[in-house]
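Have a look at the model first, then read on.

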Amino acid sequence: MAGGTEPIPTCHALWIGGNLGPVAAACLASFVRRGQPVTLHCYDSPKDAPSGVTLADAAAVIATSRVFRHKATGSYAIFADYFRYELLRRGFGLWIDCDVYCVKPIGLGDGHVYGWQAPDSINNAVLGLPANSPALTPLIATFTTQSPIMPWYPLQAQQNLAAAKRAGAVFGAADLPWGATGPLALTHVLTTAGLARHARPHRVFYPIPFEEADRLLSPEYDAAAAIAPDTLAVHLWNEKIRRGLASLSRGSPIHRLISRGELYDEAKIGGAMTSDSQARGILIAATGWNQEEWAAPIRAAAPERRIVLWPEVGDAAAVGYALVWRPPADLFRRLPNLRAIFSLGAGVDHLVFRDDLPDVPIVRVVDPDLTQRMTEWVTLQVLMHHRRQRTYDAQQRRREWRELAQPAAGDVRVGIMGMGVLGRDAAAMLARLGFDVAGWSRRPVAIDGVASFHGPEQLGAFLARTDILVVLLPLTAETRGILDMGLFRQLARDGVLGGPVLINAGRGGLQVEGDIVAALDAGELAGASLDVFETEPLPAGSPLWGRENVIVTPHCAAASAAAALVPGIVRQIEAFERGERLVNVIDRAAGY
């Protein structure tokens, strides 16, 4: 059992030809030694398969008659890409190449198991995808479509193939450029499907880059130096090292692997990794919050863990996890064995612009309670403006009885900027109430009953059809100050509310408050609801306070409730320590 709870999944691999050879045999044996089952699918049974490896008939997945070699190189590698995608489509779950060395058992988690080999490339040497993953359809179509020309091929290759196709040529996967079905394809389809966010850092599966693979043949190279506390496997890049096997130097990592079955001194690094893995303590550093409110439910859920509250740190080496909100400067430099950071609020801009961040996952808090709170606030504000509640409040103060004209919800166009978890939930709720709802985001987002706009080129059209603008964007370099006069002037002027309304519960840095005031004065905005501000608390002298058409709330739209959020955080930590992938990890490059 992985971590005593989840069964360790079986790894599946493919072998075509005779015997495995010493490197592949040792790599497969490393999984068996770690307690991870391995099934090797073969068209011929190798005689040197390690004890404990289960052999299976590969023809049961793809018939022998459909096996092919790459015409330009004679390699089976492109067929192996086809085999792994088809195997995953059939629900086998987890794939490994035969040159992958096991450091720790690999968990399957939610089925998404893959990692970056480089900043712009996701490799498929270790690959897990759910059987119904949308990524598998285009990957498999490369092999089942006659004369395929896929969008991820290099431009020159696309042009050459298109010219050949126009000339009447018929080609298949065996004729494609080298690499057109592997990492290049996988990176493209995962990114297009919005699944690249699941990819783990390079150190998890690819701690030794391709460019350095030949160092594995050198006695001076210590492979243990590449192993991080969260490394699960090491891809050995067999296509690069195999030429050196004939004259292999004694004492090199590959010689050690072949002769002793281990890539490095596992006893030595095992002790060091045990020390790192014992960093299980949790530090809470939430500026301006009652930290004890967070500590109490953690103690109840995980009584065996040491909990410390900033400014206490105690044994900094024992802290593995930091739960933070606007943490103090240089905090992370004091935590040498930090394994993950959890942002206790919905936003992460208080973290991503820091210069002391360690190379560990940063996890956004995504929880049904927080989502529900935000949806309640957004719905309340939309209804307050739609039903003209502030005007009725003013009439009540004057003891004035006067009914106002009330448009139907279906005549009011609500536009939501930011279609993440919070935006999608709010959009679905407003659509159920009958509003004409549209969403705008960086990439297309499909929700029944909600029109979708995406990218800078569609922002103008989105704004032009919006009467009430709800903003739930993250704060990034691209979105900072986006809510300015130029944007307000693009909002609809023909709506039934008499003018556009701004509702912002995203981040204060999104808005230019001087422009909001000027837009209200000029009639460019008919009203606003603001939960976030450039400076918080909102200064007493701000002109936003005294306006009857402006609703001000103190950054409380989706307040983080410790009792609701802590159980999910503790479950994430426990799963991470079992070797599973953390979810809702931010993309540092994107800023959220």
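## Helix packing in a predicted model

Of the protein's 592 residues, 53% count as buried (under 20% relative accessible area, with a 1.4 Å probe and protein chains only). This is a predicted model, where local features need pLDDT of at least 70, side-chain atom pairs count only at pLDDT 80 or more, and totals for chains, interfaces and linings use all residues. Residues are numbered from 1 along each chain as its sequence is written, and side-chain values use heavy atoms, leaving out hydrogens and water.

The C-alpha trace spans about 95 × 70 × 35 Å along its principal axes. There are 18 helices and 20 strands, taken as DSSP runs (H or I, at least four residues, for helices; E, at least two, for strands) and numbered from the N terminus. Of the contacts (heavy atoms within 4.5 Å) with a separation of 6 or more, 67% are between residues 24 or more positions apart.

Now for two helix pairs, with axes fitted to C-alpha atoms over the stretch in contact and angles running from 0 to 180 degrees between N-to-C directions.

| Helix pair | Axis distance | Angle |
|---|---|---|
| α10 (residues 291-301) and α18 (residues 562-577) | within 9 Å | roughly 45° |
| α12 (residues 368-386) and α14 (residues 421-432) | 9 Å | about 50° |

That angle makes α12 oblique to α14; the cut-offs are under 35 degrees for roughly parallel, over 145 for roughly antiparallel, 65 to 115 for roughly perpendicular, and oblique for the rest. The α12 and α14 crossing is right-handed, meaning the near helix is turned clockwise from the far one by less than a right angle. On the α12 side, L370, T371, M374, T375, V378, T379 and V382 make the contact, and they meet V421, L422, D425, A426, M429 and L430 of α14. By class that gives 9 nonpolar, 3 polar and 1 charged (Ala, Val, Leu, Ile, Met, Phe, Trp, Tyr, Cys and Pro are nonpolar, Asp, Glu, Lys and Arg charged, and the others, Gly among them, polar).

α10 and α18 are oblique to each other too, and α10 passes α18 in a right-handed crossing. Here E293, W294, P297, I298 and A301 of α10 touch A562, L565, V566 and V570 of α18. The tally for this contact is 8 nonpolar, no polar and 1 charged.

Which residues of α15 (residues 456-464) are buried? They are L459, F462 and L463. Seen down the axis of α15, they fall within an arc of 90°, so they line one face of the helix; the arc is that of the directions from the helix axis to the C-beta atoms. These buried residues pack against β14 (413-417), β15 (436-441), β16 (450-454), β17 (468-471) and α16 (485-488).

Note on methods. Buried < 20%, exposed > 50% of the residue type's maximum accessible area, 1.4 Å probe, protein only.
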